[in-house]
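Welcome to this guided tour. Open your viewer, get ready to select a few pieces one after another, and follow along.

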Amino acid sequence: MNNKHTVGGIFCDLSKAFDCVNHRILSSKLEHYRISGTFGALIKSYLTERYQRVAIKGTTKTINYSNWELVRHGVPQGPILGPLIFSLYINDVPIVTAKNAKLVLLADLNNEHLPQADEVKYLGIHLDQRLTWPKHRTTKRKQLDLKLRNLYRIIGRKSQLSLENKLLVYKVILKPVWTYGIQLWGTASNSNLEMLERFQSKVLRIITDTPRYMPNTIIKRDLQIPTVKQEARKYSANYRK
């Protein structure tokens, strides 16, 4: 960004975020949002006067306890109020500070060095720095292979289902796995898409019980099944509209 390069997104994953909620700051924010009365008192009561201690199991099957300590930070995790209180705590954090940029969250890390990752998973899509999608392709292929093993009795050569129903199973259960997010990763090169293309050809051969000498192009033509690249172009075109 400092070098004026195009940045698709920057993701920062904060660990133990719920434990960092300062009760004093949260109380002031509740007043700022005019959350008062019974509900405001309920939240303050929910967080205040909470104590915790550590239980240590001894060698003689006895349990030793540390002293009770007052909890001044953190939101109880598990109850339904936890995520709600945390959302109120960070509600005023996302502020757009740059042109054509959307800031989702911000955290003050006290100038702590952040390790840089080569890839990140966001909404089920594995993004990499160069957008060549190697992690996304391999992950989807593993998911597809697992689902195929579970469905083999239904769409395999010995299945009593009709060809039409077998194709329906593929289109409804397997195909959505690799078409998800295709508007983004579908821009990859043909060689990068070949892994998913091979999977589709494999499934269609299983469904139709086609001999090995039959070309994959003929099978897809007869079944009217587009290639992965053709699907990518179609979804991308619809997305731009």
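Start with the hairpin: select strands E5 and E6, which form it with 2 residues between them. Leu123, in the turn, has a positive phi of about 55°. E5 covers residues 119-122 and E6 covers residues 125-128; the two run antiparallel and are joined by 4 bridges.

A word about what you are looking at. This is a predicted model, with residues numbered from 1 along each chain as its sequence is written. Local features need pLDDT of at least 70, side-chain atom pairs count only at pLDDT 80 or more, totals for chains, interfaces and linings use all residues, and side-chain values use heavy atoms, with hydrogens and water left out. Here pLDDT is the predictor's confidence in each residue, from 0 to 100. The protein has a mean pLDDT of 81, and 84% of its residues reach 70 or more. Helices (H or I, at least four residues) and strands (E, at least two) are DSSP runs, numbered from the N terminus.

Next, select helix H4 (residues 134-155) and helix H5 (residues 163-179), the element with the highest mean pLDDT, 92. Their axes are 10 Å apart and the packing angle is about 165°, which means H4 is roughly antiparallel to H5. (Axes are lines fitted to C-alpha atoms, for helices over the stretch in contact, and angles run from 0 to 180 degrees between N-to-C directions; under 35 degrees counts as roughly parallel, over 145 as roughly antiparallel, 65 to 115 as roughly perpendicular and the rest as oblique.) Show the side chains where they meet (contact means heavy atoms within 4.5 Å): among them are Leu144, Leu148 and Leu151 in H4, and Val169, Ile173 and Trp178 in H5.

Now move to helix H2 (residues 37-47) and H3. H3 covers residues 81-90 and has the lowest mean pLDDT of the elements, 78. The axes of H2 and H3 come within 12 Å and cross at roughly 105°, so these helices are roughly perpendicular to each other. Which residues meet here? Phe39, Ile43, Tyr46 and Leu47 in H2 meet Leu81, Leu84 and Ile85 in H3.

For the last stop, select helix H7 (residues 190-208) and helix H8 (residues 216-223), which pack at about 70° with axes 10 Å apart. H7 is therefore roughly perpendicular to H8. Look for Glu197, Leu204 and Arg205, among the H7 residues that meet H8, and for Ile219, Lys220 and Leu223, among those on the H8 side.

Note on methods
Pairing = 2+ DSSP bridges.
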